[in-house]
Structures are given as structure tokens and as C-alpha cells.
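The following exercises concern a structure shown below. Please inspect the sequence and the model before reading each worked solution.

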Number of protein chains: 2
Amino acid sequence: MQHVYAVIMAGGRGERFWPLSTAGHPKQFLDLIGGKPLIQMAVDRLAGLLPPERVLIVTGADLVAATRKAVPQLPVSNIVGEPVARDTAAACALASAWVAARDPQGCVIILTADQIMEDLDVYRATLRESAAVAQAGGVMVTIGIRPAFASTGFGYIEAGGRWPYDGRIEFFKALRFVEKPDRATAEGYVDCGRFYWNAGMFVWAVSTLRTALGRFRPPLAEMFDRLLPAIRSGSFEAQLAAEYAKLEKISIDYAVMEKADNIVMAKGIFRWDDVGTWPALLNHLPADQAGNVVLGACEALESSGNVVVSKGRLTALLGVKDMVVVHAENATLICPKDRAQDIKKIVQALGAKGAYKDLL
Amino acid sequence: MQHVYAVIMAGGRGERFWPLSTAGHPKQFLDLIGGKPLIQMAVDRLAGLLPPERVLIVTGADLVAATRKAVPQLPVSNIVGEPVARDTAAACALASAWVAARDPQGCVIILTADQIMEDLDVYRATLRESAAVAQAGGVMVTIGIRPAFASTGFGYIEAGGRWPYDGRIEFFKALRFVEKPDRATAEGYVDCGRFYWNAGMFVWAVSTLRTALGRFRPPLAEMFDRLLPAIRSGSFEAQLAAEYAKLEKISIDYAVMEKADNIVMAKGIFRWDDVGTWPALLNHLPADQAGNVVLGACEALESSGNVVVSKGRLTALLGVKDMVVVHAENATLICPKDRAQDIKKIVQALGAKGAYKDLL
């Protein structure tokens, strides 16, 4: 794994995990599954693959201190803070420049902090072989997950012909990226067998990304070029502060991946979930006979299909169906399961009122 | 108001008001409406009508100390503890004996602790004139409330011909007591105009009650007779302990009122509510535009018709309709509004498990 680095993007605020996820203690610090914060699990998954010096975390500037504390095995300079959030394209450019300044032949594996995976041996093989493909072919590799069901919550990648590589993992030419589909479309994708979930994991040589940015997003390429000498001279943070806020907010998918023609897809055959909502997260825990999933203390009488996070407090449900109930120390969230993706609306409404700042 | 006493029955556990109502701090100590515990409001309503020495509270033996603290204006010996709960017939016999031992010509107004009333001037006039009717006629007076709507949650009294009495309040011969009706029957009751809510308030001379007990419930009459000398000699509590547990559990309605033929109904034209459930209690507070009633802090987004008690904690609702949410310090109850009368099932289920004793 010469020249290979991993970048964990941990810039999200996790508003859909309010009230346990707050601005000062967002989702990636939650330790509800597996007993460890998500950010630490993301770092641990790389054990044996890369030394800690080659693992970078990009997060919000205000979360750098907390992140350093959560993953003490990383060098402190490997936790980089964005002055403002500018979505994933900017974070990818920044992280790739950070690597390029250290190693012009560097190859970057882009990961995110808020995913849950199993079959870690397969996962690590996928990253290792994706790096080999990216380094050898001057291509950008995206990891597509074999869909477990017809999800309408993920984007998809359509795979084309087999990409020549002889290893444990199969690679395909990526034909196109498609947005989150409606249910019928999603079912068609799964039936036809050529579509894979876009897991937001990418692998590229820094030189390959630089070329793509120059072609599709010149402002990001220019930032990349200016960051290189700044990183080497120790004026990295000042340079970021000077120009990061001016960047447009755009995802790497939309800015580059959907437009480039040199994309290869690794077929991800490990179990993966994005844990974007409370029900999705708690899906990873066993349910009782009535389908209630509980973290903490809950008495569920004539109640079914609920998702309850109730640590240090007893939640009693009577005749309640398909609801999410989450208690934080001083706040409680209640909504139907099928509204869980809208929890950020509550956070935004409270924020707009200027109310309960210490709870947001 | 010579010879008149009031008895406030406060023996209930208020399980439908869990988790704020617990065995050690039941419903009558809740101060959610009006800023005072219900038991104190019940005593306060008698101000100007009776001196404190003539107000008796019958409660559970384990609640005597807390009750004395909640109503310090009463003499401590006026708070009497039942060794075990034996429903209202036993409590009425006990209380009437307590009065009879002090005043053989005594007249007792039976009230309960967990009601909410308005128009207190009318309320007091009703009690005063009911006592006069009971004292004059050797009858038992029951107060019937002019129904505000076709409630299926209360029993009804059918009024017959006018009872001769010239005062502010009208009295009628009570023809019969009927159980909680179904909706159609309740609507018929309200339409016909002869039916009144049975508010569980009764007025009788102690001698009248003794006669009725002798006729309909001899074991209660015998206890009444044995309690008289025991109360006078100071061995009241020992006598109660010796025989109270052996009594059958039966309501005064079923034991006496439904069977006696000397019942007169006072027409109660004050506003009255039994506050038997969380929604009924919070009905007495103003609702927001979406029909949510909140005590404490609640952000209700796209949510309507909810009843929320959230003191010292923010409850955020998203897309939640017609639910009851009540937080106590270490427990939270959630149920649909139309299941609020079954909350005791939760308390019983937890009790049967021997779990969370300190929360029940």
C-alpha cells in the first residue's frame, strides 16, 4: 500500500440524529452501535491497512479538538478543520492537496465517518485493490455496494463492462451515476442487476483528481494548487481561511464523478449501511417480538415497530406504533418512523427561533 | 351550617396519571392546574363554608404525613389514613362514623380530591343547600351535574319530579343511577334533559347513612357502630387496623345509592370536571392553534391535538397527532389520547415485573 492515504470526511452536523447529535457533539461522536463513536469505528476499520500517519480526518474547525480526543491514535496534525462547511467537493480537493503536499504520487481513499460495515476483511480488500486499480490506470474508483434491497434513499451507479483486473474484487466500468430513485425505479435497478448503491467512497491518485478538477471545477483546482505550497510552508490554515468560504457548496458526485468518463466501479460485496436516520441506525440492533428496537429502558405495551433511545430514563409506550422516540439529557424527540428524515426541520425551526441554543 | 362536616376522599392512586402520579406522590398532590395540589384546591374551595376543624380527609395510611404537609391549615387529626384501600363505601362509613362520634346530629358532605371546578360561589351554595335538604328531610342528597356534553366517561343520574325546597339551587327526586353509557345512549341522555352526571358528591346526616348501611350493607353498619366508641376512646386506628382489611371493596354508589329510595338530586349548575385522564386534565388549559396543549416546553412541528407535560425538558414533536406525552424526572409515558384511560395497565405491567419500583 505504498503512497496510499485514507481521508475520512466527518464534516456533517447529523441533524437527523438530534437531539443526541448536536452542533457540539454531532453524529460521528455517537456511540450507540458497537460501543464506540462512529468516527473511531471508521478509523479502526483501517487497522492493518494503513499506518495512522496516513489517515486524515476532515471535519469542522470547531470539532477538531473533540475529534483529536476521540481518535487519539492519529497524529494531531492529521485532523484538519474546515473553516466553514462547503460540501464534499471542497473537502475532497482540500484532502487531496494535503496528501499531494506530502506525496506527489499519493493515492487517496475517500471515506465518511457515519457508515456501518460488516465483513471488514472484504472491506479492506476492496480498498486495497481499488487503490491498486486507481494507481495503475489513472482512473477514479468508486465503490458500488451490491444492493440489499430496493432503497429509495441512496443514489445508484450503473456498472458496464468488466474492468481488467485480476484479484479478489471485481471491477467494472462505471457507466453513470443516478440520483435517489422512486420505488418502481429502484426495484427495476435491483432486478436488472447492473445497479449498485453509491456509497460515497472513492479512490484516486491525487494527480488524477487534480486533472479532473481542472477540467470540471477550475476554482477547486486553483485552490488545490495554492494549498500545496501553503501546506508545505505551514500556512495551510491561513490559506484555507482566506479562500474556503468563497467556494461553492457542491458534492463531489455532482462536481466530478457524474461528469468524468474515467470512472471504475469496485463491486462492494461487504455489508454496508449509511445510517442516515434513527430507524436506519437502529436497524443494526435486534428487535423484540413486536418489532420494537430499544437502546436503554423501555416498557412497550401493545406497541410495535418503534425505535426508542432511552438511556438513563424509562420510556413507557402504550398503544404506540412505528414511532421514533429519542431522549437526550434535556430534550426528547418524537416522530413517526417515516418522518425520521425530516428531523432536521425541528432543529432548523428551533435554530430560527433562537431558542434552546444549548440543546441544538 | 350547624353540624355540617365535609369529607374529602383522597384514597386513589391516580395510576392513570403516571408517571407524574406515583404511589408515594399520587394524583392529588399534582399541581399542574391552578398552581396548587388538587387536594389543597379541594380544601380551599370550602373556605367560608366550613371551619377547618370540620373538614376531614380520608387517604391511604402511607399518605397521611404528605397530606398533612399539603394542607397544613387542617388539624392533624383530621387527616385519617385507611390501613388498606377498600373503595368508597368503606371510606364513607368510616368518615361518617368519625363525624358521628363528634356530633350525633352531624351531616356529612362527601367530596373527592381530584376534581376541578369553577363558579365556586354556586358550588358552595349547592353544598350549603344540599346540607339543609339532607338535614331537613332524612334523605341522601347526590349532586348531579348538568352535562356539558354526551360523556361516555361518567355515570348518570336520572332526575324525577321537583323536590320541595325554595332556594338558589333546584332539587329533584333521584329516580335512578345509571352506569357509564355508550355514545348513543349518552346522546339520548343529554337530549332528553333529565339526566345529570354523577359527580360522586353526596350529602347525608350520619344517622341517615347509618340506617341505609344497616339496610343494604350490614357489615359496614356494624363497623360504623364499633368505630363510634373506638373514636371516642382514642383506639380508632387500632379498631380500623383490626377490621378494615376484611371489608369488601365496593363503591358507595353500588352499595347504597343505587339501592336506596330516599335519594334527592341537587342540580349542579357550576362547572365541574372529574379530570380522570391526562387529556381531561389538560382540557382545562388553553390549546395552541393546532390543538396542542402543553405544560412546559414543547416544539410541535406539523403536529396537532397532542397533550404534552414537559417540565424541565424540551419535547420536540414532528408529524405527531393526538398523542399524550408526559415526562417525569426519570420516566416518560407516550400513548394515543384515546388510550389515556389505560395508562394504569403500564403501571400494573411494571409492578407485576417488580421492575422500576422507584418510578411507580
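**Exercise 1.** Determine whether Val275(B) is buried or exposed, and describe its backbone.

*Solution.* Step one: Val275(B) has 23 other C-beta atoms within 10 Å and is therefore buried. The class follows from the cut-offs: a residue is buried with 20 or more other C-beta atoms within 10 Å of its own, exposed with 12 or fewer, and partly exposed in between, the C-beta atoms being placed from the backbone. Step two: Val275(B) belongs to the loop between β11 (272-273) and α10 (278-282) of chain B. Here helices (H or I, at least four residues) and strands (E, at least two) are DSSP runs, numbered from the N terminus. Step three: phi of Val275(B) is near 40 degrees, a positive value in a residue other than glycine.

The model is predicted: local features need pLDDT of at least 70, side-chain atom pairs count only at pLDDT 80 or more, and totals for chains, interfaces and linings use all residues. Residues are numbered from 1 along each chain as its sequence is written, while chains are lettered from A and ligands numbered from 1 in the order in which they are written.

**Exercise 2.** Where does Met201(A) lie, and which residues does Met201(A) touch?

*Solution.* Step one: Met201(A) is part of strand β9 (residues 195-205) of chain A. Step two: 22 C-beta neighbours inside 10 Å place Met201(A) among the buried residues. Step three: leaving aside residues up to four places away in sequence, Met201(A) touches Ile110(A), Leu111(A) and Ile143(A). Contact requires that the C-beta atoms of two residues, placed from the backbone, lie within 7 Å.

**Exercise 3.** How are chain A and chain B related, and through which elements of chain A do they touch?

*Solution.* Step one: chain A is superposed on chain B by a rotation of 180 degrees with 0.1 Å of shift along its axis (RMSD 0.1 Å). The copies are thus related as by a two-fold rotation axis.

Step two: 28 residues of chain A are in contact with 28 residues of chain B. On the side of chain A that touches chain B, the elements giving two or more residues are β12 (293-301), β13 (307-318), β14 (323-327), β15 (331-336) and α11 (343-353) of chain A. Step three: 100% of the interface residues of chain A are also interface residues in chain B, so the copies meet through the same surface.

Step four: β15(A) pairs in the parallel sense with strand β13 (residues 307-318) of chain B over four bridges. Pairing requires at least two DSSP bridges between two strands. Within this arrangement, Ile334(A) stands opposite Leu317(B) in β13(B).

**Exercise 4.** Which peptide bond of chain A that involves Trp18(A) is cis?

*Solution.* The bond from Trp18(A) to Pro19(A) is cis, with omega near 10 degrees. Pro19(A) lies in the loop between β1 (4-10) and α1 (38-44) of chain A. In chain B, a cis peptide bond joins Trp18(B) and Pro19(B), with omega about 10 degrees.

Terms used. Least-squares fit on C-alpha atoms with pLDDT ≥ 70 in both.
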